[in-house]
Amino acid sequence: MRAELRNTMEELREKMSEIEDPRHPGYVKYPLVDILIMCEVLSRLDTLGDLVIYAKSKQEFLSKEL
């Protein structure tokens, strides 16, 4: 089971790392892929589309904190 979870997380990280980070490099505290994975895990979303909807609904908070 742990190996399956590790493979799933690696696949997720690989897919999310393809997303372009629009932030200025000098202002980046955390890598975008880490933020996206954290949001996905905490919100228990099933798809990247769900994650986009969630992130847009939390855009004000995310833009201030990240």
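Biologist: With which residue does Asp34 form a salt bridge?
Modeller: This is a predicted model, in which local features need pLDDT of at least 70 and side-chain atom pairs count only at pLDDT 80 or more, while totals for chains, interfaces and linings use all residues. Residues are numbered from 1 along each chain as its sequence is written, and side-chain values use heavy atoms, with hydrogens and water left out. For Asp34, the closest N and O atoms are 2.9 Å apart, and the partner is Arg13.

Biologist: How many residues apart in sequence are the parts that Asp34 and Arg13 tie together?
Modeller: Asp34 belongs to helix α2 (residues 32-43) and Arg13 to helix α1 (residues 2-16); helices (H or I, at least four residues) are DSSP runs numbered from the N terminus. Because the two partners sit in these two helices, the pair ties together parts whose separation in sequence is 21 residues.

Biologist: Is Leu32 buried or exposed?
Modeller: The place of Leu32 is in helix α2. The buried residues of α2 include Val33, Ile35 and Leu36. Leu32 has a relative accessible area of 18%, so its class is buried.

Biologist: Which residues is Leu32 in contact with, leaving aside its neighbours within four places in sequence?
Modeller: Contact means heavy atoms within 4.5 Å. Glu20 is 12 residues from Leu32 in sequence, and their C-alpha atoms are 8.5 Å apart in space. With neighbours within four places set aside, the contacts of Leu32 are Ile19, Glu20, Asp21 and Arg23.

Biologist: Which element gives the largest share of the lining of the largest pocket?
Modeller: A pocket is an open set of points on a 1 Å grid over the protein atoms alone, where a 1.4 Å probe fits, with protein on both sides within 12 Å along at least five of seven lines; lining residues have an atom within 4 Å of a point. The largest pocket is lined by 18 residues, and Leu32, Leu36, Ala55, Lys56 and Leu62 lie nearest its centre. The elements that give two or more residues to this lining are α2, α3 (48-57) and α4 (59-65). The largest share, five residues, comes from α3.

Biologist: What percentage of the residues in the protein is buried?
Modeller: The protein has four helices and zero strands, in the pattern α-α-α-α along the sequence. Just after α2, Arg44 takes a positive phi of about 55°. Of the contacts with a separation of 6 or more, residues 24 or more positions apart account for 33%. Among the 66 residues in the protein, the buried share is 18%.

Definitions and conventions:
A salt bridge is a side-chain nitrogen of Lys or Arg within 4 Å of a carboxyl oxygen of Asp or Glu. Buried means under 20% relative accessible area, exposed over 50%, partly exposed in between (1.4 Å probe, protein chains only).
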